[in-house]
Structures are given as C-alpha cells and as structure tokens.
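Welcome, and thanks for taking a look at this one. Below is a short briefing on a pocket, some ring pairs and a few charges over rings.

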Amino acid sequence: MLLFIVYGYTQNIPVLNVKDKPLGLSTLDIKVEVVGNIAITTYDMLFYNPTNNILEGQLNFPLGDGHDVSRFALDINGKLRDAVVVDKELGRIAFEDVVRRQVDPALLEKGTGNNYKARIYPIPANGYKRVVLAYEQELLLKETAHYYNLPLNFEKKLDNFKLEITVFEQKSKPVIEKGEIANLKFTNWNKNFKTQISKKDFIPNKSIIIKIPIPSNSEKVLVYGNFFYAYKTLSPKKRLRQKPKQITIYWDASLSMENRNLEKEISFLDSYFSNLKNIDISFIVFSNTLLKNKSFKIENGNWNTLKEDIKNIVYDGGTNYDVIYNLNTNSDVSLLFSDGLASLSNYNFRTSKPMFIVNSLVKSNYSQLNQLTELSNGAYLNLNTLSVTEALELTKYEPFKFINYTTNSDVLDIYPKGSKRVDNDFSIAGKNVKNGDIITLHFGFGNTITQHLDIEIKGSEASNPMTRRIWAQQKLNTLEIDSKTNKTEIIQLGIDYSLVTDYTSLIVLEEVMDYVRYKITPPKELLEEYNALLASIEEKKKTRNESTISDAVSLRRIENFDLNSETISRESLDGFFNNADEELNEAVMSFSEPNGNTLNGVVNMDTIDNISSRAYLRDETPNNVAKYKEKLVVKKRTLDSDYIKALRKASSKKEAYKLYLEQRKDYSKVPAYYSDVSTYFKNHFNDNSYSIRILSNIAEVDFDDYELLKVYAYQLQLNFESELAVFIYKRILELRPEDSQSYRDLALAYQKIGKCQEALDLFNSIITGDIYKNSRRRIFPGMKLIARNEIKHLIQNYKDDLDLSAINKDLLKEVDLDIRIVVDWNHNDTDIDLHIIDPNLEECYYSHPKTKIGGVMSPDMTQGFGPEEFVLSKAKKGDYFIKIKYFGDRYQKAENPTFMKVTIYKYYGTNRESKNIKIIRLTNKDDQETIAKISI
C-alpha cells in the first residue's frame, strides 16, 4: 500500500513541446542530491530536431507542492550557459528587446500554480539542443523513512542514459524499493551513500522509488558560514477534534478541475462519511457562477445520492470564488475541493470554522491553499502525497503546530518564524548563527505549547553550501504569505540567492554586452569580461563631457542599431515627422546611460514626445492628394469554422451545449474556439448563461498569458461585464507593468465602473511620464496624445467627483470630436495600420497623417499592442470607411490568432455621443480589410 501511495505522486520529467507535440529526447543525464529532507533533481537533456527546419519549443511544466526550480541552463554556441536570476519585469524587457534584434535569449518564468514555462529557440535543423533544468523538493516522511520518487515513463529508446543519486550525511543505507535497474546499488562514499549507472540504447520506463531510512528521534544539523539548517523527526501526541454535525462542501467545477483524480476524492469522502455516520450536508457547486446549492442528509454513512450528483458534474468555466464568499451556512466544518487557481476573482474566501481543502491535481496554488487552512485551523489534504487514510486522520485530529522559537542570540534570522502545521518531521533554517548558539523550538496546539526541542550549533557540524539556499527558500516561503506587500524584499532575496519567485525569473543572454546593457550580473564565465566592460564605460564617462550616446552603445557602434527592430520604425518616422529630421536625429542619439532608464534603442521620452506632439498638431494641409480608387465595401464577417458548422446542426441550446462539450476535447487549448462558440451561443440562441461560461474558459487555459487575457477582456467589455473586465485588466497589469498600454486599458475599465479617480490617476501617470521613471519601459509616440483625449473626456464628464489638484490646467479643456476611432490589439510586437477614407476619398494613415478636412492619425504603432487613433473635429457630411492593414507578428500561432478591438465614437465629448465596439479576429498576414462605415 505504501509503495502505491508514493508511486502515485509523480513529478513528470520536463518536456520540450514543438507545436504541442513533444520533441524527441536523445540523451538524458539525471543527478539527484539529498540533504536531510531536501532533494535536488537535475535533468541534463539533449533534444534532437530531425527536421530540415529551425524549430522553436516551449518548456512548460507544473511542479508539485514544495518543489522549486533552482537551475536553468542552455547550450549557447556549443557551451553550456547558466541562467541568472533577474527582476521579472526587467527580464521580460531584456528578453523581448534582444529578440527584436534577431538574437534569441531564453527566459524561464514562474506562473500561477507553481507552473513554469520557457521558450527555447533556436533548435537547429537536423541538430541538437541541450537544456539543463533542476528543482528542489521536500521529501515525504512515511513511517520511519523519507521517500524519493523519480518518474521514468519513456516509451522510446534513448541513445544515452545516466543516473547518479547521492544521499549526504546518511547513516543507514538507502534502499531501492521500486524500479530496479541492473548495477544500480548504493555504496558508502565519504559518509555519504551514492549510486550511479550509465546505459546506451536504453528505455527508462520504470519509475524509481528510493527509501531513505530515518531513525526515530533523528536529528541533522548543517552549518555553512553563518547559515544553519536543522532537521528533526517528531512524535507528536494527537488531540481529537469534535465531530461536526453539519458541513458544507464547496465543489469547484471549473475547467481546470476536469482532470482531477475523482476516484480518489470519492474514496476519501467514503471514509469521511463512514467516520461521521450521520451528518447534514450543504453541497455547493461553482465555477464562473453558482451552479448548485443543495442539501443532503447522510444517515449511517450512506451518501449514494450525493455521490451520483458528484459523478455527473460537468466541468466548464473559469473559477470565481466570489460567488460562494457570502453564502450563509451554519456549518461546523467546510470542505473545499479545488486547485486554488482563481481565474475570475481574488482569493478572498475566509471562514472562522475549520476548513479542509482537498486537492488531487499537481498544477495547483499550494501556497494559497496552505495559508487558508492554517488561518482556519483546518488542514490541506493533498491527495497527490497523502493516502486516503492519512487524509482522514488530518480531519479527525487537531493540527500539531510549530508555534515559535526562543534563542540566546539577538541577531539570528530564523525561518519559519511560527504558526505552521507539522506532521512527523520539521526543519528550520537560520542566518547569522555562531558556534554555541542554542535555539529552542516550541510546539503544541493552537497557542498552547506542549513540547520543546533544543538545537545547539556546534563548530563540528557537517558543512554543505546548500544550507545557504535552504535558508533563503524558507524566508521566501514566509514573505510570499503576503507577496504584494513584500514584493521589493522578495525581488532582492531572489537576486541575492538565485531564487525563482513570483517577481524574479531566470534569463540566459547570448552576448556579454547584453548583460552590461541591462545591468544584469552574468554567470561566472562571463563575469571578468562583464566587469572589464563596466570599468571601461565608467572610465570613459569620467573623461567625456558629452554623454548623448551611452558608452555601452558606442562600444557596439551606433550604426548597428536597427530602428526598425525597436519601438519606432524608420519608415513611420520619415513619413510622419516630415521636416523634423534634425530634431529626430537629436532624439535618436539620446540613448541613456547603462545605469539610467534604457539602453535598448528606445528614443528619449521627452524629446520624442515633443516631436510627436508638434507633428500631431501641426497645422499643415497636404496638396494634390490622390483620391482613393479601390472599391469600398464593408466585409461581412461570419463564423464558418468546422466546429461552428457542426453546432448549427443542433436543434436546441442543450443539444448544442452537449456537442460543445464533445468538441472541446479537440479544441481545449485553442482560445479562439471558446470565443467563437461563446459568440455563437449569444447570437444564435440569445443566451447569456452558456455564452458567458464558455467564454470564461479563456482565463482557465492560461491565467499567465496576457495576450489571451486581453482577448477575454475585450469580449467582457463587449458583453457589458465591466466589473470582471477590471479584474482581468488588473491581472494584465500585474503580468505586463512594463507596457504603458496596460495602464491605459485599466484606466478605461475603471472609468466604466465609476472608479473615476483611479482612472484619472492612471491616465495622468501616462501623460506626466511617471510610469516610465526608474524603469526601462518602452516609450510609444502617440500614447500620451491618446491619453490626453481620454483624460479630458473623463474630466468634463465627472469633474465634480475628481481631485484635479495634480492635473495640468491644459487638460481641463473640453474635447469635442465628431469622429474618434481607436484600435487596440492583443498580440505584442504586432504591426496593424489604421486607415480612414473620408467623403472626399482622401485616405488618412501613418504616412499621410492629416487630411484636408482636418482628420488626424496618431503616430504609427509598429510594436506593442497599439493603440492607434483617428480624430476629426468637424466632420463633413458623408460616409467614412474604416480600413485596417495587418502585417502579422513574429510569433503568430494558428491556434492563437490576433484579435483587434475597434472602438468607434460619434460626437465624442458631447451629449450626442455614441460608442460602438467591434472585436475582429485577424488570421492572414498582410491582410487588408474594410471593417466598418460611419455615416455623418
């Protein structure tokens, strides 16, 4: 039974997918190091590309509870280069900027639910790509041993396979409980136990389980410099809970729960109800909305009726904990069956009564689930690591807790600091320790101490550099309980101790100058050259009076910079600024210093903004403009994909929904599918319930993908779901604080729900440039101009409700436009051009930005997410046609097309104002399309 429990919890080997299919693995070298209850597993993988094309892959993998990535490295020009930890925002800025220069770095980020992802490029044609990935984990203690599980489930033969496992400072010999491989045997080696094998043409298809015996009252203390790590086994006394008479079960039926281990969850409930016998149940099912609220009476453990209800639940929609937050229940205990991945709400669910959270999915928000149960004096029942019997025990007995510690030292920095549930073992780590220090650990129930344990630090303790990192990880776990408040400290801790956190990532750059450019400390092999370059730059700064071009840029030669690969294209600048060449050249030369805001070729904000404003407002009219001669017909857009054609054959809404659930198996990872089907249900059946639920699955597909979330937010605004749109735009701002578009999007969403002061402050931060201060953010010409129109519009409509003390007086002028058209899009680094053809058949676009009748086009956005804007103060009577030209984007995927939002205003800023929003999916590169007509 024990082996089944341990074996059932598998951390899959990382897979490199190309177009959602795994790339073949040629060589695999695995190293495992175990210290106390911590194991570090390193995968050194060599992938083979059998095609004649250079490929791009996606490394995407969830880690289990207590697992953390500790290393990421790539082959760069034949040599392995380790990634270094960087501030998450800076990492993305550096990564995307380097990619624009046709140099391909790698960035590994931690997402929601302990999910990690990295883009791997290039994978050479008919060649190999080496990737190294390592993670740390806390080992399971079962009875009198730690268990380590190495999943090996390969179906194809590997050219080379190596495995090495070392258990440090171990007295008893580890035992291979499952997955025997010839010659894989532990031998004693310098107070450690070690085993290793090497195979050729081998299929490693049997997972290995290692049993590491731990004697009762085991203690292990490691010291490294002024850091210590202590591990102890415990024998806590148990204290029974009072049996509840009434319980509430909250059942998460969102899409992410579809692959739950329902069999094991039902098995747990079998045991739970058998133990309670007679109980009243409130059964609440939810996803994006409340789906069911039903009462059951369990007598003598018989719960067959409830069981059938559970077995018939359909999993669909996002996860909104707000819908169950205010439900009134008189329960003694609550059970939440969920993965903790909140895609439609904040996780504000709280209860004063014990809550038990049951989860059977690897991809989960472990820290959030653990925190909630700690606060309620309940327990987190992770069925990936617990047997049904063990899970039941946690519901029967009060949690035994580490309460706090005392010490004779006043400088020790120890984690955890207190109030943490413990089972049969416990570990603690500290900094600033010295020989002879004594730490007394206090354990008990609630706030009552029932047990004391002393740890004395001795100079003779074993030394291991891992001790330093263990302390940092323990501190991080404490800081992440309130991660937003502790963001700055988390970033610094991550950088200092090479930890991947919610706010730090791992990056690999190809050239030393790129590390200099972004002030990112490189790996050891590049450090000498990096320091030499920095010293050279500092020396030149001392001897030069002029600093219009940074020293780092001058080392690379300014002509190497291609403006076409940066924020502002040379074509758009030449066409738009006309006679501003002299001013433009001055701006282009104004690259900032390495310790300033940018070194990525972005034009100085103040200079380019002044140029943009003058060009935008220039009172010049062109002469002899050629009339538009092409046919002007608005294209009729219809949904004609195969899955929509199939849905049209359904005779009823329920039949169509049933067919959708079948179709979804083939399109589950295609966000456009959910958008299309949602639109179909809304238009064909005049339905909101199914339509909204289906659409919300976009947030479930990947809550860390800002491009997908933008699509969802667009549709929410179209459907007048303004409150939820604000939540999604807040999430996008968390994911992309480096984009000025994120601030504007949220400001507009705030205004829609009446949070006008918040909207005003965000608009003003764009206009004043506050969002760019102390950052390396890209600056888009025209963003400030567009925000000026929007803040004026906001002020003239809500000025009595606003604090305008920080607003420039120029912004208090009213805006009055007969026509205003704005386009945004969801894909980064995409070039979409807005064209307007007026009644005179004069075409206004990026290289012809002003028309005879006064129409003005904002500066061209060749990258980012837009927006682009056309305004006309006094419109001539007649028809105005809106046309777009789509140039595509570098990383376009067929299953994730570009979505564009077109917002059309008539009589903007007046009491006759009207607004129309269109969401348009773009699929063809260089597509030109007339999408709408405005009649005045």
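Are Phe268 and Tyr272 buried or exposed? Both Phe268 and Tyr272 are buried. Please keep in mind that this is a predicted model.

**Aromatic pairs**
- Across the whole structure, the search turns up 36 aromatic pairs.
- Phe268 and Tyr272 count as stacked because their planes meet at 20°, under the 30 degrees cut-off, with ring centres 5.7 Å apart.
- These two residues sit 4 residues apart in helix 3 (residues 262–276), so about one helical turn separates Phe268 from Tyr272.
- Phe681 and Tyr690 make an edge-to-face pair, with 5.9 Å from centre to centre and 75° between the planes.
- Phe681 counts as buried because its relative accessibility is 0%, and Tyr690 is buried too, with a relative accessible area of 16%.
- Phe681 and Tyr690 also belong to a cluster linked by ring pairs, whose members include Tyr643, Tyr657, Tyr673 and Phe685.

**Charges over rings**
- Lys710 places its charged end over the ring of Phe865, 4.7 Å from the ring's centre.
- Lys199 lies over the face of Phe202, 6.0 Å from the ring centre.

**The second largest pocket**
- The second largest pocket holds about 1200 Å³ of space.
- It is lined by 43 residues, and those closest to its centre are Arg637, Thr638, Leu639, Asp676 and Arg921.
- Elements giving two or more residues to this lining include helix 16 (642–647), helix 18 (671–685) and strand 41 (914–922).
- Helix 18 contributes the most to the lining, with 9 residues.
- Sorted by class, the lining has 18 nonpolar, 13 polar and 12 charged residues.

Terms used:
Residues numbered from 1 in each chain as written. Predicted model: local features only at pLDDT ≥ 70, side-chain atom pairs only at ≥ 80, totals over all residues. Heavy atoms only, no water. 1 Å grid on protein atoms, 1.4 Å probe; cavity = no way out; pocket = protein on both sides within 12 Å on 5 of 7 lines; lining within 4 Å. Points joined across faces, edges and corners; volume = space filled by probe spheres on them. Nonpolar A, V, L, I, M, F, W, Y, C, P; charged D, E, K, R; others polar. Phe/Tyr/Trp six-rings, centres within 6.5 Å; stacked < 30°, edge-to-face > 60°. Buried < 20%, exposed > 50% of the residue type's maximum accessible area, 1.4 Å probe, protein only. Lys NZ or Arg CZ within 6 Å of the ring centre and 35° of its normal.
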